[in-house]
Amino acid sequence: MTLIQERPSGPGLYSEEAEPLTQIVPGPRPRGVVKFITSTDHKQIGLNYMVTAFTGFLVSGIMAELMRTQLAGPDNHVLTANAYNQLVTMHGTVMLFVFGGPFAFGLANYILPLQIGAPDMAFPRFNNLSYWLYLGGFLVMMSGFLTNNGAADFGWFSYAPLSEAIHTPGPGVDMWILGIALTGFSGIFTAVNVITTVFTLRAPGMVMFRMPIFVWNSMVTLFLVLLAFPVLTAALALLWCDRHLGTSFYNPVGGGQPMLWLNLFWFFGHPEVYILALPYFGVVTEVFATFSKKPVFGYKGMIAATLSIAGLSMGVWAHHLYTTGAVLLPFFAALSLLIAVPTGIKFFNWIGTMWQGVLTLNTAMLFAIGFLIIFLCGGITGVMLAQPPLDFQLHNTYFLVAHFHYVLLGTTVFGAFASIYYWFPKYTGRLLDERLGKLSFAIMFVATNLTYFPMHDLGLRGMPRRVFTYPANAGWTFLNQLATIGAYLLGIGVLFTVINVFLSFRRGEIAGDNPWDGQTLEWATSSPPPEHNFEILPPIRSERPLWDANHPDQLTEVGH
Amino acid sequence: MLLIVGAREPIDDLPPAGAGDRCRKDRLVGALSTGILADWGSPHGVTTGDRLVRSEWALNYYIALPLAAVVLGGIIWCVVRYRARPGENRRARQFQYHIPIEATYTIIPLILVAVIFFVAFNNENKLTHVSEHPGLVVNVQGFQWGWRFTYPNGHQELGSVATEPSINDESALPVLYLPAHETVQLDLVSDDVIHGFYVPAFLYQRDLIPGVKNQVDFNVTRTGKWIGECNELCGTYHAFMRFEVDAMPKSKFDAWYHAQKPNSITVAGANQQ
């Protein structure tokens with residue numbers, strides 16, 4: 001059954017005399033820096049986001065390397081306690097607010113309109129504003145390092161009352177608050193833009209249940225952004241009032257409640273984890289389908305899983321607060337454990353997508369498989385930590401650090417790298433070098449496990465997180481050394497991809513429009529796509545219109 | 001995978017060594033036999049809660065390991081079996097749905113999750129249970145950056161980063177003296193920022209939050225000394241905010257307790273050279 005209606009005849013939208021929908025202004029187009037600053041093209045803004053986010057990833061990665069250097073030996077003195085605490089805080093903040101989310105926003109900006117056959121985002125200039133707010137937020141929070149007390153140093157979740165002015169004075173904290181608020185606004189605006197785009201600018205025939213999984217996941221993610229970020233912004237405003245206007249929302253001295261901050265923060269903080277993960281679930285879904293030459297297995301189940309993960313993620317924030325003794329344990333334990341079910345469905349659907357396929361094991365696919373394996377490990381420890389009896393033992397130890405790095409590094413970093421290798425030909429018209437890419441993947445995969453696997457054991461041996469030094473006789477030294485070696489290797493692995501991008505940008509092999517035999521609409525236009533994206537669209541009669549057009553003899557089997 | 005992680009007894013490595021002074025060979029044998037077969041490698045605790053936490057670990061291993069094996073096996077099978085080989089002219093089957101299989105991998109995890117939940121619910125209720133008639137109540141106050149343990153007669157054991165000579169020196173840590181084999185209730189309070197009361201050997205922790213009065217019960221089943229830590233970033237010297245737990249036989253504890261004058265204060269490291 002097709003939902004495409006008959007086109008209206010006579011003078012109107014489709015007649016030849018009709019005015020063109022967009023007027024191309026003659027003359028030279030802006031290029032280089034001017035284009036970067038002024039463009040409202042979703043593709044340029046998407047690239048701006050991704051390049052800025054990746055810069056944040058590298059900066060934050062350097063912070064991590066410094067911390068691992070400090071922890072390479074017991075009683076080490078590479079960093080002072082204050083410097084270490086600042087790095088701990090800013091590493092987390094930059095990774096989450098500058099890299100993880102915004103890189104996915106960049107992908108949503110670039111890829112999502114292409115995948116639904118739209119000429120641009122719904123609000124192009126609003127889109128530009130979002131980017132500049134985001135860049136401003138990044139710069140403001142980083143410039144905290146230039147102030148006299150240094151950057152914020154209370155951990156990325158900024159537990160009150162430690163973040164109150166009496167305990168942490170200095171402008172670095174205020175710049176942290178402002179920086180996050182700015183990136184938060186940027187996220188909210190992007191959410192409005194992307195959701196409107198999905199609802200209003202889909203090409204004819206692109207009904208909701210024909211949208212690629214990446215589009216679904218991005219849309220659901222941005223709904224989560226709309227729900228979570230305003231809460232954080234409000235909580236930050238109250239914190240700022242506490243610091244400067246003498247209010248006592250979180251300050252127990254004036255009758256405030258630290259638990260209020262903890263609840264408000266994690267009400268944002270847990271959906272944030274899924275804001276970081278869901279878009280990359282979408283990325284690897286696209287990668288698996290394309291490189292298995294198959295449709296996504298259990299397409300509708302996949303969407304249902306995404307929606308239920310999003311729904312459940314709004315009700316599990318207090319599993320970060322089991323050890324406070326001030327939350328209802330069974331409720332949050334039950335909902336947290338339930339999230340394992342839709343996540344499991346996704347895993348089995350990914351395997352089902354590869355099942356009986358013809359797998360091309362190139363770098364993008366390898367990163368996606370690496371994502372699966374690393375995220376599997378993080379998911380299992382996640383189920384453990386969701387049980388209060390185990391969380392009482394493991395909370396805030398290195399076991400937790402290992403868990404969330406397996407989850408977040410597995411999803412955001414491996415997902416982002418898969419996206420880079422998958423869509424780089426679309427951005428530039430050139431392929432990335434496969435040999436450098438595979439080398440980069442191999443090093444990163446080994447290094448990730450070498451860095452984070454020993455941390456499980458460190459946690460079981462009782463090493464708390466966020467300590468800037470540790471005693472020699474605790475039995476933690478060897479495992480920490482393994483982690484540090486792993487962290488250095490991880491940095492080297494990342495560098496290979498950076499080098500690859502720089503080399504291939506100018507000298508890479510010419511890709512052509514559709515180098516991967518892609519299935520979705522972004523491969524139906526030139527690489528890079530022209531302004532307003534499409535000259536002509538293939539008919540959209542399933543969730544992989546381009547595949548249907550190119551392989552009319554291999555349509556999706558009907559039944560079951 | 002996690003089996004390897006836990007196939008040791010981390011607690012015994014903590015200084016000073018626990019009461020079970022087994023030799024290295026014994027520990028190796030223990031890790032291999034009881035460690036893997038009976039306990040699945042989960043660390044051993046020294047309180048009555050140990051049994052509950054370890055049963056929880058065991059359940060997790062029984063469920064998580066087979067599940068991980070299935071998923072990992074599926075991934076590896078796909079990569080090995082279905083990878084495109086040069087010269088091969090195979091076509092992928094274009095199937096998309098298989099409702100019975102999809103329903104299976106929805107319903108089985110739901111059942112597993114329900115089982116885990118009920119076991120966890122049962123265990124957490126026992127672990128967080130607070131006795132009406134504890135044998136001893138100690139007030140535990142955390143502050144930036146140290147600990148104050150106040151006993152019923154007003155005696156205080158106090159210590160802070162100011163008296164700690166170095167991170168490697170545990171001689172001047174404040175000591176929490178406890179009687180073994182008795183229910184001890186700790187009232188956890190804080191006046192400045194949030195701290196965490198964490199003794200790795202107890203397999204348990206609880207936060208100290210201004211405005212929240214937390215109570216936990218411990219019944220230590222072995223005598224010995226263990227290190228405790230602050231487990232919530234609380235400022236510059238968070239890493240130095242440690243203490244020592246000293247669990248003594250009841251008679252020895254009573255002798256110590258009666259030797260302390262009411263409202264006296266012992267400051268850790270104050271009388272050392």
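The following questions and answers concern a predicted model and cover its strands, helices and chain contact.

Visitor: How many helices and strands are there in chain B?
Guide: Chain B has 273 residues, of which 41% count as buried. Among its contacts with a separation of 6 or more, 73% are between residues 24 or more positions apart. The elements of chain B come to six helices and eleven strands.

Visitor: In the open sheet of five strands in chain B, which strands stand at the edges?
Guide: The strand order of this sheet is S4-S10-S9-S6-S7 (chain B), and the pairing is mixed. An edge strand has a single partner strand, so one side of it is left without a neighbour in the sheet. Neighbouring strands here are turned by 25 degrees against each other on average, direction ignored. The strands at the edges are S4 (175-179) and S7 (204-208) of chain B.

Visitor: Which residue in S10(B) is the bridge partner of B:Tyr177?
Guide: S4(B) pairs with strand S10 (residues 242-248) of chain B in the parallel sense, over five bridges. In S10(B), the partner of B:Tyr177 is B:Asp246.

Visitor: Which are the edge strands of the open sheet of six strands in chain B?
Guide: This sheet has mixed pairing and the order S8-S5-S1-S2-S3-S11 (chain B). From one strand to the next, the twist averages 20 degrees. Pairing on one side only marks the edge strands, S8 (214-219) and S11 (265-267) of chain B.

Visitor: What is the bridge partner of B:Gly142 in S5(B)?
Guide: Strand S1 (residues 136-143) and strand S5 (residues 183-190) of chain B run parallel and are joined by seven bridges. In S5(B), B:Gly142 has as its bridge partner B:Ser190.

Visitor: Which element gives the most to the side of chain B that touches chain A?
Guide: The contact takes 85 residues from chain A and 76 residues from chain B. On the chain B side, at least two residues each come from helices H1 (2-6), H2 (10-13), H4 (49-81) and H5 (99-127), and from strands S6 (195-199) and S7. With 14 residues, the element that gives the most is H5(B).

Visitor: How do the residues of that side of chain B divide by class?
Guide: The side in question is the part of chain B that touches chain A, with 76 residues from chain B. Its residues divide into 45 nonpolar, 18 polar and 13 charged.

Visitor: Are H6(A) and H7(A) roughly parallel or roughly antiparallel?
Guide: Helix H6 (residues 213-244) and helix H7 (residues 258-292) of chain A have axes 8 Å apart and pack at an angle of about 165 degrees. Their crossing is left-handed, and their contact has 24 nonpolar, five polar and two charged residues. Angles over 145 degrees count as roughly antiparallel. The two helices H6(A) and H7(A) are therefore roughly antiparallel.

Visitor: How many nonpolar, polar and charged residues are in the contact of H11(A) with H13(A)?
Guide: Helix H11 (residues 363-385) and helix H13 (residues 398-428) of chain A cross at roughly 160 degrees, with axes that come within 8 Å. That angle makes H11(A) roughly antiparallel to H13(A). H11(A) passes H13(A) in a left-handed crossing. The contact divides into 18 nonpolar, nine polar and no charged residues.

Visitor: What is the orientation of H7(A) to H13(A)?
Guide: The axes of H7(A) and H13(A) are 9 Å apart, at an angle of about 45 degrees. The crossing of H7(A) past H13(A) is left-handed. Residues that meet include A:Tyr280 and A:Val284 in H7(A), and A:Gly415 and A:Tyr422 in H13(A). The angle of about 45 degrees makes the orientation of H7(A) to H13(A) oblique.

Visitor: Is A:Pro212 buried or exposed?
Guide: A:Pro212 lies in the loop between helix H5 (171-200) and H6 of chain A. Beyond its neighbours within four places in sequence, A:Pro212 is in contact with A:Gln115, A:Glu286, A:Thr520 and A:Glu543. A residue is buried if 20 or more other C-beta atoms lie within 10 Å of its own. A:Pro212 has 27 such neighbours inside 10 Å, so it counts as buried.

Visitor: How many Å apart in space are A:Pro212 and A:Ala165?
Guide: In sequence, A:Pro212 and A:Ala165 are 47 residues apart. In space, taken C-alpha to C-alpha, the separation of A:Pro212 and A:Ala165 is 48 Å.

Conventions:
Residues are numbered from 1 along each chain as its sequence is written. Chains are lettered from A and ligands numbered from 1 in the order in which they are written. This is a predicted model: local features need pLDDT of at least 70, side-chain atom pairs count only at pLDDT 80 or more; totals for chains, interfaces and linings use all residues. Two strands pair if DSSP finds at least two bridges between them. Helices (H or I, at least four residues) and strands (E, at least two) are DSSP runs, numbered from the N terminus. Axes are lines fitted to C-alpha atoms, for helices over the stretch in contact, and angles run from 0 to 180 degrees between N-to-C directions. Two residues are in contact if their C-beta atoms, placed from the backbone, lie within 7 Å. Ala, Val, Leu, Ile, Met, Phe, Trp, Tyr, Cys and Pro count as nonpolar, Asp, Glu, Lys and Arg as charged, and the others, Gly among them, as polar. Angles under 35 degrees count as roughly parallel, over 145 as roughly antiparallel, 65 to 115 as roughly perpendicular and the rest as oblique. A crossing is left-handed if the near helix is turned anticlockwise from the far one by less than a right angle, and right-handed if clockwise. A residue is buried if 20 or more other C-beta atoms lie within 10 Å of its own, exposed if 12 or fewer, and partly exposed in between; C-beta atoms are placed from the backbone.
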